[in-house]
Amino acid sequence: MKQLPWLHPERAHALLRGLAARILVIDGAMGTMIQQHELTEADYRGERFVEGYDRLYSLPRGDHDGTHVHGEGCGCSRDQRGNNDLLTLTRPEIIAGIHREYLQAGADLVETNTFNSTTISLEDYGLQHLARELNLEGARLARGVCDEIEALDPARPRFVIGVLGPTSRTASLSPDVNRPGYRAISFDQLREAYREAADGLIDGGSDVLMVETIFDTLNAKAALFAIEEAFEARGARLPVMISGTITDASGRTLSGQTAEAFWYSVRHVQPTAVGLNCALGAKDLRVHVDVLSQIADAHISTHPNAGLPNAFGGYDETPEDMAAVLGEFARAGLLNLVGGCCGTSPAHIAAIAQAVEGVPPRQPLQLVDAAA
């Protein structure tokens, strides 16, 4: 199948050159860093939402554009504390500062603050109308910080990963144990939500799109379908990363797939990279990353948690702990991209970057085959 040309050829080729030369470093947790700011409801609301609704959409009923109107039952009145994606609009300096810290710690790629920026996940906060804006501004914000840091060392490009999270629904499983055939979301509903998010991320300046923390492969397929639609509409594409999550010691995703089955379910989109993130610590992910490394004709990524959550919901693995384990991954020839998920910080990323520095990257299988 003939692929579309790159939307930003110079950026795509710079990324591919980087992947061929060394193991690239992804940033760490966004939520962990936000928690350290101990933000209040007022911080999340900012000036735009301070009156209990979105000022930009506060128009008389009957005199609005159909997307949102403040009034009885308006979702904007819900508590927004914990809606981390909203901080892109209300406290952009905090999000930009976190991106900057990770880049200064040694990250080559930073993820946009858009993990929950789909209409589906934003429905929990009554802010579905912000989906495109949050993705657009999230990418622009990350792009600006990457450009700032890259300008200090032009020989080392810094890249924006536009993040598409799993949403708060699952297309493969019923949320009602008494109705196993029931589904809370359809494929087309997911596709439409992901298309809106993908368009925002692309237009905001992302270098890569990543469908991440995939617990349901059908959700991921909807996201990948939407991404292809977005690319076709532009006549050009971006590199795509796909990152699943093994939810427990069973070694399977929530929808029941092993790492191997997961790869064969998404291989058709020819991603630039495939990997695993979240849920488990690096030690527990080792065997599953190894499986992907042996079968995937794509680059391999991993950004695990800082161990399993403790009794207080925190994470105990130190930067040194994670760096030691992930350094072994690298020396075993398993990695092309590596970073951190829940519980990680710039200190973790700095230690991981140091641990993989100078270690040759894994060579994707198609390159091995071509050389044979």
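Let's start with a single side chain in this predicted model: F225 is partly exposed, with a relative accessible area of 43%.

What do F187 and F225 form? They form an aromatic pair that is edge-to-face, with 6.1 Å centre to centre and 75° between the planes. A search of the whole structure turns up one aromatic pair. F187 belongs to helix α8 (residues 187-203) and F225 to helix α9, so the pair ties together parts that are 38 residues apart in sequence.

| Charged residue | Ring | Distance from ring centre |
|---|---|---|
| R179 | Y182 | 4.2 Å |
| R286 | F329 | 5.7 Å |

Now for the inside of the protein. In soluble globular proteins, nonpolar side chains tend to be buried together. The largest nonpolar core in this model has 80 residues, and I227 and I242 touch the most other members. Which helix gives this core its largest share? That is helix α9 (residues 217-234), with eight residues.

Take a closer look at I227. Setting aside neighbours within four places in sequence, I227 is in contact with L164, A198, L209, V211 and V240. There is also a second, separate core of 14 residues, and among them are L19, L109, I161 and M210.

Definitions and conventions. Residues numbered from 1 in each chain as written. Predicted model: local features only at pLDDT ≥ 70, side-chain atom pairs only at ≥ 80, totals over all residues. Heavy atoms only, no water. Core = buried A, V, L, I, M, F, W, Y, C linked by side-chain atoms within 4.5 Å. Buried < 20%, exposed > 50% of the residue type's maximum accessible area, 1.4 Å probe, protein only. Helix = DSSP H or I, 4+ residues; strand = E, 2+ residues; numbered from the N terminus. Contact = heavy atoms within 4.5 Å. Phe/Tyr/Trp six-rings, centres within 6.5 Å; stacked < 30°, edge-to-face > 60°. Lys NZ or Arg CZ within 6 Å of the ring centre and 35° of its normal.
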